[in-house]
Amino acid sequence: MADVNITVDGKKVAAPAGTLLIEACKSAGIEVPSFCYYPNLSLQGACRMCLVKVEKMPKLQTACTTVISEGMAVSTDTPEIHQARKSMVEMLLGNHPLDCPVCDAGGECELQDMTFAYGAAESKFIDIKNHREEQQWSPVVYFDRPRCILCYRCVRVCGEGMDVWALGVQNRGVSSVIAPNKEDHLECEECGMCIDICPVGALTSGAYRYKTRPWEMRHVGTTCTHCADGCKTTLGVRRSDTGMEIVRGDNRDKSGINGDFLCMKGRYAFDFANHEDRLTQPLIRKDGRLTPSTWEEAFELIGRRFKEIRDSAGGQAIGVVGSTRTTNEENYLLQKFARVALGTNNIDHHRTADFPALAAALRGKPEATASMRDVFKAPAMLLIGNNPTEQHPLLAWQIRNNVRLHKARLYVINSEPVKLRRQAVNFIQIPVGSEGNVARFLSGDDSAAGSISNPTATRDAWVALRDKLRGEQNLVIIFGSEIRGEDIASLVKFGSAVPSAKFVCLSDYANSRGAADMGLYPDLLPGYHPMSDAGKWRDEWGGVPQTPGLTLPQMVESAKAGNLKAFYVVGANPVGRLGIDAFSFSQRFVVVQDMFLTETALIADVVLPAANAYEKSGTVTNTCGDVQFLQKAGEITGAKSDFEMTVRIADAMGFDVSKLVPFSRGTHSDMGQSRGAQSGEVDRHGVWLEAQGLEPKMSPFDPTAILDEIQRLVPGYGVSRANLLAGNDQHTTLSGSGAGVQHDPALIAPANDTLFTSGTLGRYSRALNSVMENRQKQPAEEVAAD
Amino acid sequence: MADLVSHPDEVRVVSRRFGQGAADIDRYLQLDGYKAVQKALAMQPDAIVNLVKDSGLRGRGGAGFNTGMKWSFVPKQSAKPKYILCNGDESEPGTCKDRLIFEHDPHAVIEGVVIAGIATGAHAGYIYVRGEYRYLLEIMQKAIKDAYARGFLGKNIFGSGYDFEVYWHGGAGAYEVGEESALMESLEGKRGIPRIRPPFPAVVGLWGGPTVINNAETLASVPHILLGGAEWFAKLGPPKNGGTRLFCLSGHLNRPGVYELPMGYNLKKMIYNVGGGIPNGRTLKAVVPGGSSCPLLTAGEIDVSMDFDSMMKAGSMLGSGGVVVVDDSTCMVKFALRIMKFYRHESCGWCIPCREGTDWLDKILVRFHSGGGLRKDIDNIQYLSENMLGRTFCPLGDAAAMPTISIVKKFRKEFEDHLDGKPCPFEKAGAAELAMA
């Protein structure tokens with residue numbers, strides 16, 4: 001469509017037809033202030049801050065509701081406009097409490113900014129302000145009516161954005177008040193979007209309020225560690241006596257894949273990091289009891305025992321379990337350590353999706369996976385299985401808002417009436433466990449129609465749906481872990497009948513995808529290369545064990561039979577989460593690296609206290625395949641990163657760690673450590689040096705040293721280093737992957753976490769627990785936010 | 001039920017059937033009822049629109065927009081159904097004319113709605129009656145039921161092949177809903193808050209369909225225009241101000257009441273002749289010429305023709321026809337306060353200047369009138385009102401600001417007389433309470 005030409009403050013501006021005047025001004029670098037206008041939410045025209053002068057119009061016009069037209073001449077800063085805005089601020093401040101010195105929003109308040117800009121410093125009012133008592137709406141949401149300026153952003157983001165509709169307006173006139181959906185409290189998804197979008201301090205967070213002044217925090221942009229969606233988040237960090245305290249999680253940086261979005265876990269559940277049960281020193285089992293020890297003693301013991309067992313019984317006597325929440329560098333290092341230092345392929349992880357099957361099916365198909373950003377732009381989406389509203393809150397946000405803002409068509413096939421059916425043009429409920437039949441039917445196997453047909457979804461209806469889907473362009477096919485193995489191949493076969501179809505395979509944990517991509521499999525090297533295709537790795541590492549190793553269940557059996565003698569578990573809890581038999585390991589040497597004394601750590605001989613994702617730098621890959629940077633927020637006394645611990649164990653084994661971590665490379669040699677990775681602070685010079693490969697890797701504990709190797713060797717990971725370090729998301733493609741291996745579908749164990757439950761980290765979050773306890777008090781039928 | 005009044009200067013068009021039992025459908029038929037709609041059914045829609053345009057009929061709700069012109073904005077083709085919406089949410093202080101129409105001549109409103117429907121190609125109409133007019137709603141309900149029973153409404157009206165449904169709806173008590181887009185929100189079951197315009201109702205209105213929204217008096221005038229002709233109607237008033245008007249005379253008058261006078265009738269004559277002048281030997285101080293939203297006129301400004309254009313020239317508005325007469329025993333500060341209390345109560349709260357402005361004006365005026373006024377308050381009242389004017393989401397903010405500005409400007413001395421802790425000079429004089437309809 002041709003651009004429309006307008007003049008703003010004498011400056012010529014061109015913008016597409018249909019653009020709102022406020023956006024056209026913004027595109028020309030002219031700021032028109034507003035409280036109620038918010039991109040991608042419905043228009044209000046309520047705050048009157050965006051009044052501008054449009055030539056030939058007698059009255060000032062609201063720029064947020066005016067659509068530009070050819071030849072329009074606009075002034076945005078005349079004395080009349082300035083006065084109009086000033087008087088709006090004056091009237092707002094009349095009833096506003098002016099408790100800025102103790103208000104959470106003080107310092108990051110739009111009303112303060114407007115007052116500063118338009119100068120309503122002297123009050124014309126001497127009469128008593130209207131007042132109401134503050135209310136607590138949920139464990140994490142507080143509402144202070146006098147501070148509210150009634151911009152209705154919270155009401156809209158909750159309804160339009162979240163499809164929860166838990167907020168509304170009651171009363172009228174000056175008595176108007178934002179009110180929760182259940183009389184005096186909220187029953188909702190507790191996403192906290194209302195707090196985040198509030199321009200003033202009317203809505204405040206129970207987890208954050210009265211803890212700090214905003215300028216006393218360091219703001220660290222990183223990636224959320226809770227689910228597999230990988231939202232960009234900004235942590236508000238303060239120093240504390242244990243090293244650091246994260247006091248806030250929010251998304252003040254809207255540039256991430258999540259834009260405005262953050263869910264309840266991302267916003268509040270960072271406090272597991274400061275849980276009192278956190279391990280802060282190594283533990284060694286002495287006389288049957290886990291006893292505090294020194295790091296030196298622990299590493300010496302582990303190194304000695306691993307070496308003894310490897311040398312006496314061979315590498316196949318050691319089993320390694322990796323993590324779904326450690327970084328790509330740590331995962332890569334771990335499998336390399338297993339294969340090169342321990343000499344075993346016995347490495348596995350908690351699998352929650354069948355990525356090897358997808359990689360195999362998409363091999364050689366470029367651009368066949370969808371990024372999280374693609375989901376927001378796709379003209380059509382097919383969702384089979386999973387319940388993104390509970391398990392992938394960001395994905396659900398992308399889907400919902402794509403439907404709302406772009407009129408995308410959503411097709412939902414699920415065994416449950418999932419909430420996203422409300423956005424669907426077509427929802428079909430199928431019997432539990434028949435998702436695979438759907439995939440086969442879609443691929444053209446009509447014999448599969450019988451098991452999924454019923455009176456409401458007849459065979460004809462299925463055929464019609466398939467025809468309709470085949471007619472879509474750029475369809476994004478999103479599937480849960482219900483679809484595995486051969487069924488994934490069927491789905492990909494169906495996808496090849498749709499022009500430019502793309503796939504998203506849903507896994508459960510923050511770096512489940514990274515764990516798979518980095519080769520935490522007994523029969524797959526990084527990039528889904530089978531052991532038969534190990535050439536590149538053999539050359540690089542100087543040898544790889546040839547036979548595939550044991551899967552996790554096989555390791556348990558082997559331990560039971562007495563063959564497996566050592567078990568090295570990094571950031572995983574197979575006893576607690578996968579229910580493996582703890583007694584199988586009673587006579588084995590078990591090493592666990594974790595933050596807490598998990599069920600698995602309880603049976604260990606050595607437990608090493610691990611740093612979490614907020615306490616280290618590195619990269620993670622979300623379920624879509626978007627690679628993002630994890631920026632270290634700070635350190636907590638007593639914990640080490642898994643990366644460092646693995647390197648130290650190798651060192652204690654007498655292994656040459658430079659063969660594990662290719663450090664001491666780089667051409668610039670006068671610096672100490674790579675500051676970007678170590679200090680957690682943005683160091684532009686460091687970023688540039690890193691990006692150019694000039695920063696020396698002086699330390700074997702520097703994960704960026706192994707990132708070089710990953711970028712060189714793992715297909716899809718050759719992304720721009722500068723973009724990565726700058727905090728931008730980059731999509732990896734599976735097209736260059738290895739051939740993959742057919743796995744037993746039973747090896748996949750979905751976590752089945754919900755919005756409010758999380759067995760891994762969330763159970764140590766006070767904020768999350770308080771919300772859950774609060775919900776348990778409510779009558780069951782009212783809990784559903786649906 | 002209100003008592004009917006009369007005066008020889010009256011020209012009875014809309015009030016022709018008042019007091020004659022025309023709420024009864026048979027009586028209405030005897031008084032030429034439902035003839036106009038039958039005539040309309042035989043006409044081309046465009047011809048009806050042109051007839052109404054030529055009659056010079058202008059909206060009786062207050063804005064005075066040419067009715068035929070408004071109808072002509074409705075697109076001929078529409079994917080969504082079109083609607084006629086009768087605005088009977090009469091809430092402007094000083095205005096009490098639509099209630100008489102609903103009470104005495106409800107079928108005329110129905111007839112007007114159907115004719116508007118035929119003219120614009122709509123097949124459904126809604127009659128929205130102010131919430132406080134509960135007793136009138138019953139009369140309206142019966143009228144609609146009777147019209148259906150006779151085949152005047154529903155499928156194939158008058159055997160013409162044209163279908164037209166009429167529904168009634170009672171308000172919940174909000175002045176704001178008299179604003180046409182808030183009226184549509186209310187009718188759709190939402191909070192009565194105005195909509196962003198454009199789009200205008202004629203294009204995107206009720207449930208997204210093209211909608212004509214007319215005041216009850218406007219619609220009740222339409223059948224008379226069809227029967228009497230455009231020229232006859234236009235000539236009842238001055239140029240571009242066709243027809244008559246129901247003027248609601250209230251306040252300090254000997255003979256208050258609703259009188260139907262030709263458009264352009266002189267205001268001074270209206271007060272002293274028709275309304276019988278000021279009682280108790282008092283003298284005139286001010287007049288609210290067209291409902292509480294209009295700037296006031298002083299005693300010296302009343303020799304003016306009561307039509308839309310002349311009133312505009314006089315610095316006020318014809319508005320909704322509510323003429324409130326104020327005598328010299330009235331405290332104008334209290335008068336301003338009384339008006340502001342109303343607007344503060346009725347502000348929907350959607351936009352900042354109206355919500356906060358009316359609240360602060362009310363607070364200041366309360367304190368001011370009770371003796372706590374400061375000199376700078378007078379300027380602040382003016383400042384607040386001027387900063388509301390023209391900047392609110394809907395005209396309610398203007399409606400609160402305009403009379404206030406005019407009162408401060410024209411009666412500043414009365415404000416000054418309240419200063420320095422002095423009690424209200426009118427309270428001790430034992431002034432008569434001002435009754436606003």
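Biologist: If buried means under 20% relative accessible area, exposed over 50% and partly exposed in between (1.4 Å probe, protein chains only), what percentage of chain A counts as buried?

Modeller: Of its 786 residues, 62% count as buried. The model is predicted: local features need pLDDT of at least 70, side-chain atom pairs count only at pLDDT 80 or more, and totals for chains, interfaces and linings use all residues. Residues are numbered from 1 along each chain as written, chains are lettered from A and ligands numbered from 1 in written order, and side-chain values use heavy atoms, without hydrogens or water.

Biologist: How many helices and strands does chain A have?

Modeller: Chain A has 27 helices and 30 strands, taken as DSSP runs numbered from the N terminus (H or I, at least four residues; E, at least two). The C-alpha trace of chain A spans about 90 × 65 × 60 Å along its principal axes.

Biologist: Where is A:S323?

Modeller: A:S323 sits in the loop between strand 16 (318-321) and helix 8 (328-342) of chain A. A:S323 is buried, with a relative accessible area of 1%.

Biologist: And what does A:S323 touch?

Modeller: Not counting residues up to four places away in sequence, A:S323 touches A:N331, A:A515, A:L520, A:V570 and A:G571, where contact means heavy atoms within 4.5 Å.

Biologist: Turning to chain B, which residues of helix 7 are buried?

Modeller: Among them are B:L136, B:L137, B:I139, B:M140 and B:D146. The buried residues of helix 7 pack against several elements of chain B, including helix 6 (106-120) and strand 2 (124-129).

Biologist: What follows helix 7 of chain B?

Modeller: B:G151 follows, and its phi is positive, near 80°.
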